[in-house]
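Dear colleague,

Please find the structure below. The findings follow it, together with the cut-offs behind each term.

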Amino acid sequence: MSALPSQAYALLKTVFGYDSFRPGQEEVIESVLDGGPVLAVMPTGSGKSICYQLPALLDDGLTIVVSPLIALMRDQVQQLISLGVGAGSLNSSNTPHETDAVWSALKAGTLRLLFISPERLAMDGLQGALARAGVKRVAIDEAHCVSEWGHDFRPEYRQIRTAVEAMGVGQVIAFTATADRNTRRDIAERLFDRSPTVFVHSFDRPNLDLRFAPKDQPRKQIEAFLKSHREQSGIIYCASRDRTEKMAEWLQQSGIESVAYHAGMDAGQRARNQDRFLQEDGIVVAATIAFGMGINKPDVRFVVHADMPGSVEAYYQEIGRAGRDGLPAATLTLFGVEDMALRRRQIAEKQISEDRRRIEHARFGRLAMLCEAASCRRQVLLSYFDEQAPACGRCDICRGEVSLYDGTVDAQKALSAVYRTGQRFGASYLTDVLMGIESDSVVRNGHQTIKTFGVGADRPRNEWTGIIRQLFAADALETASEEHGGFKLSAKGEAILLGQESIQLRKDPPKAPKPARSKVGKGQDAPEGLDEDDTKLFNALRRKRLELAREEGVAAYVVFADRTLIELARERPLSLREMAGIYGIGTAKLERYGEAFLEVVLSGE
Ligand code: ADP
Ligand code: ZN
């Protein structure tokens with residue numbers, strides 16, 4: 001392929017320190033350099049930023065990057081400056097001094113990338129000034145914010161196009177990690193004046209382990225999981241503010257460095273906790289979903305959902321914060337009946353149109369299906385994004401951690417209970433009937449007399465609820481009434497009931513998860529491909545990295561990525577020149593950190 005100028009490959013190496021492009025980057029960059037409108041849908045961590053950063057270095061003129069989050073902007077600008085790239089930002093958190101510096105650089109023509117918040121961009125005065133400075137291209141990050149369809153709608157995004165026109169900018173390029181078809185259409189219509197060239201990159205994140213477990217004893221389950229992730233950075237998502245604090249406290253008591261993060265904390269504390277997570281190695285943050293958008297930390301080694309996420313998109317985004325450096329990372333999602341009931345109730349209580357409510361219920365149903373899946377998780381996940389894939393071999397189902405059995409007879413009992421009670425009741429009522437419990441409402445409806453009453457008395461309640469959830473997940477049951485969570489039979493459910501089809505079900509409770517070894521970042525264990533000596537050196541390099549990061553007040557990964565340290569430990573370069581061949585070491589980083597790390601390598605540890 002490669003119709004990119006050779007300079008592009010040279011810059012990739014000398015500025016960013018990378019040997020090759022990641023899948024998808026080359027074609028997007030090629031299209032950006034062609035000058036036309038471009039929309040690239042690429043999953044989190046696939047390396048979208050390079051797709052606008054590299055073109056900004058290759059041609060003359062200024063690239064404006066519209067970005068919704070100030071934290072994200074600061075982070076990117078900081079990283080670019082550390083790479084020796086002329087970058088700056090204009091947003092409400094700037095000091096007057098910072099803003100002055102940006103304008104001087106603009107006038108001097110030394111600025112390649114200017115990050116602006118959408119609110120700022122909407123200001124008339126600013127548009128005029130930027131038009132005079134000359135803007136070659138506008139890159140819009142998190143482009144889905146323009147669509148009401150997505151979760152993160154930002155009205156200011158609707159004004160970007162006016163601003164682009166006012167500034168007389170010739171090219172608009174847009175990037176997002178979440179876009180189903182409707183959102184994509186919305187983005188194309190609202191951000192561009194003509195149809196963009198669209199790239200949709202695979203949503204597969206092969207380096208992520210996918211694992212789900214019914215919530216049984218959550219603390220025990222999380223404890224078992226964390227055992228194989230000692231001293232690694234990770235995120236534990238919880239459903240409420242209160243739970244994040246309890247979780248962090250419990251982790252701390254269990255000897256795991258951790259902090260809480262949620263929108264209800266005072267701003268100072270919140271920022272301090274976020275900084276610790278970003279800058280120190282091996283901190284676990286217990287957080288609500290308020291945490292993460294714009295967190296650019298590449299070496300997060302695991303994401304746990306202690307409570308069920310809100311939707312498949314949310315799940316995908318949240319697990320996507322792990323393993324952005326491409327190294328193995330683990331995920332675990334706990335789901336329970338209470339979680340499901342809670343989410344359904346939240347949707348029912350929202351002040352939204354009935355259409356919207358239906359969409360949200362259907363969306364949630366897809367997540368339930370993923371949690372209860374009895375076939376490859378990755379296949380189910382990718383099918384949500386209209387992608388087909390072979391069985392992945394590295395999710396809990398593929399690894400055989402979940403035991404399945406021929407559940408046809410159990411399924412028939414449950415389906416029969418649904419059918420004979422009139423196809424309108426929810427899981428807890430159906431369970432009463434199956435177990436033969438004469439609750440008030442069962443008696444009121446006369447359902448203690450039907451044939452199915454009590455046929456499941458040999459099984460505990462949680463198993464029946466599990467079976468009903470699985471039938472729903474497998475599409476054998478459909479929702480009868482969205483608000484009340486009642487079920488009716490689908491065509492597939494009828495076929496199972498009539499004995500025309502069989503079904504595999506999961507045994508509850510499943511075997512305790514056997515977390516796969518995700519090796520990087522542990523103090524004691526060897527990172528992938530490193531022997532004992534290399535591991536010692538790797539740990540010494542980590543200490544040096546932390547020391548330098550502290551001195552400069554930046555995150556550890558701003559200094560060097562884990563992968564850089566692993567390669568340094570393995571390759572043991574003997575000179576600065578040899579060092580320049582290592583992953584992630586470009587000219588600027590070599591100058592800045594080369595000596596310090598070389599010393600560690602040479603001292604041999
Ligand atoms: P996102 O698509 O989520 O915006 P980023 O642009 O932040 O992803 O990139 C994710 C990580 O991948 C970053 O740490 C980045 O430096 C790294 N990366 C991007 N492109 C490459 C590449 N060609 N080779 C190696 N690492 C890369
Ligand atoms: Zn799989």
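Where does ligand 1 sit? Ligand 1 sits in the largest pocket. A pocket is an open set of points on a 1 Å grid over the protein atoms alone, with protein on both sides within 12 Å along at least five of seven lines; a molecule sits in it if more than half of its atoms lie within 2 Å of its grid points.

This is a predicted model, in which local features need pLDDT of at least 70 and side-chain atom pairs count only at pLDDT 80 or more, while totals for chains, interfaces and linings use all residues. Residues are numbered from 1 along each chain as written, chains are lettered from A and ligands numbered from 1 in the order written, and side-chain values use heavy atoms, without hydrogens and water.

Around ligand 1 there are 17 residues (a heavy atom within 4 Å), the closest being Y18, G45, K48, S49 and R324. Domain 1 (6–200) and domain 2 (208–335), whose bounds come from an automatic or database assignment, both contribute to this shell, so ligand 1 lies between them.

- R324: a side-chain N or O atom is 2.5 Å from an oxygen atom of ligand 1.
- K48: a polar backbone atom is 2.8 Å from an oxygen atom of ligand 1.
- S20: a backbone N or O atom is 2.9 Å from a nitrogen atom of ligand 1.

Yours sincerely

Conventions: A polar contact is a pair of N or O atoms within 3.5 Å; within protein, one must be able to donate a hydrogen and the other to accept it, and residues adjacent in sequence count only if both atoms are side-chain atoms. On a 1 Å grid over the protein atoms alone, a cavity is a set of points where a 1.4 Å probe fits but cannot get out, and a pocket is an open set with protein on both sides within 12 Å along at least five of seven lines; lining residues have an atom within 4 Å of a point.
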